[in-house]
Amino acid sequence: MFFPLSLLSQSVQDVRSDQRIYEIINDVSAERIEKDITTLAGFGTRHTLSDTVSQTRGIGAARRWIKAEFDAISKECGGCLEVFYQKNFIKEGTGRRITKDVWVVNVVAIQRGSKYPDRYVVMSGDIDSRVSDANDYTSDSPGANDNATGMAGAIEAARVLSKYKFENSIIYTGLSGEEQGLFGGQGLAQYAKDKEWNLIGVINNDMIGNIKGVDGVINNREFRIFSEPVPPTETERQRRARRFYGGEVDGISRQLARYVHRMTKTFMPEMDPRMVYRLDRFGRGGHHRPFNDLGFAGIRIMEAHENYTQQHQDIRVENGIAYGDVLEHVDFDYAKKLTAVNAICLASLAWAPPAPEEVSIGGIVEPSVRLKWSAVEGAVGYRVYWRDTTSPTWDNSLFVSGETSVILEGIVLDNYFFGVSAVSANGHESPVVFPNKIFR
Ligand SMILES: [Zn+2]
């Protein structure tokens, strides 16, 4: 391969030398996460239809406490978080799990970016919990793993990242109504669309604290990243184009999943991220989906080995098995690690320039591939990626500074997939953009 010298001038820092990323990993505290999960489990039940008046029990008390935590974090950083409730009224009978009229209330905290205040990367967890009967809103339902872990992770990420300034905005959010039919996510996704938010992506955390699987496997390194292949909002034209130009495994959510995979491998090599090429677990749901439904990138981060006797269960002992989603089964160090995975991805995405909007590819019946892309203001360069068509990860790359086009000499278009990201001066990258245009 031959590259003009100008393309090789590295005016960009290696992202691995950004000490802030290591600081962020070290700052995430298993003790604080344990304390927060304990507090959340202590509200008795956080069922979406539960009591909203009590100060000690029910989802009302829980969401007021979450808001107060975000407010306290904001106070520490001189008011760096905009904290508010985002709520939607859901009428009785909207699905079988809404047995009475209810306000589904999310708690949202925005850390406003300095350069791109209207571009957002989102970390979400859930407020609500449930037991065996999805509509039982009075029984004890600690939801310690499902999903106080994701909620506590979002609060802890806010604590750690609020010490830094970012170019893009970061949103930390607790969503409600998940167990009743993904209502909180639907509400916030619609809110984002109505406000014309430019969402870089949603990293949804749902159950990030269990290391002992029902299959007997114990593993505190492995975790799953679920992502759907292509957006459900794609047009018929895009679907048809994919048959000829590829992209079956290269939708925007999949690129976000690869981003999390790469960041973990780079900065937390002791962890074992496992991309799962599907929207979610077989036939089951999570709060990233309503964002996907509206065309936003969104993924689910989750433990690798679930224990079904400890989720959605009445607390009881039956045939010697202790059922219930109780504190004793949560591994706080593991929840800390997955929170750190989130935090470094939020930080890197929030320090990165926007992705190139248009990436064009050419080189049909030619010995070389040609790529060109729209310039990104604030990017010091671009990283051009390619990989074998069967590889899940972007294995090969070339940094291009200054230019907005490149010729990859001797690389045949047919045999690889390609993509381009924008890079900041300290090496932080946007998600990779799969070519969305063809030129001859
Ligand atoms: Zn659940």
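The structure is a predicted model, in which local features need pLDDT of at least 70 and side-chain atom pairs count only at pLDDT 80 or more, while totals for chains, interfaces and linings use all residues. Residues are numbered from 1 along each chain as its sequence is written.

**The sheet**

Eight strands form an open sheet of mixed pairing, in the order E1-E2-E4-E3-E5-E8-E6-E7. Helices (H or I, at least four residues) and strands (E, at least two) are DSSP runs numbered from the N terminus, and two strands pair if DSSP finds at least two bridges between them. The edges are held by strand E1 (81-90) and strand E7 (272-276); each has a single partner strand, so one side of each lacks a neighbour in the sheet. From one strand to the next the twist averages 25 degrees. Angles run from 0 to 180 degrees between N-to-C directions, and axes are lines fitted to C-alpha atoms, for helices over the stretch in contact.

Within the sheet, strand E3 (residues 116-126) and strand E5 (residues 198-205) run parallel and are joined by 6 bridges. Met123 stands opposite Ile203 in E5. Helix H3 (residues 59-76) packs on the sheet, where it touches E1, strand E2 (102-111) and strand E4 (168-175); the direction of H3 makes about 160 degrees with that of E1. Residues count as in contact if their C-beta atoms, placed from the backbone, lie within 7 Å.

**Helices H8 and H10**

Helix H8 (residues 252-267) packs against helix H10 (residues 332-351) at about 110 degrees, with the axes 10 Å apart. H8 is therefore roughly perpendicular to H10, a term that covers angles of 65 to 115 degrees. The residues that make this contact are listed below.

| Helix | Contact residues |
|---|---|
| H8 | Tyr259, Val260, Met263, Thr264, Phe267 |
| H10 | Val341, Ile344, Cys345, Ser348 |

By class, this contact has 7 nonpolar, 2 polar and no charged residues. Ala, Val, Leu, Ile, Met, Phe, Trp, Tyr, Cys and Pro count as nonpolar, Asp, Glu, Lys and Arg as charged, and the others, Gly among them, as polar.

**The two domains**

The domain assignment, which is automatic or from a database, gives domain 1 (16-351) and domain 2 (356-438). Their C-alpha centres lie 31 Å apart, and 15 residues of domain 1 are in contact with 13 residues of domain 2. H8 and H10 each supply at least two residues of the side of domain 1 that touches domain 2, and H8 gives the most, with 5 residues. The residues on this side of domain 1 divide into 5 nonpolar, 6 polar and 4 charged.

Technical notes. Contact = placed C-beta atoms within 7 Å. Parallel < 35°, antiparallel > 145°, perpendicular 65-115°, else oblique.
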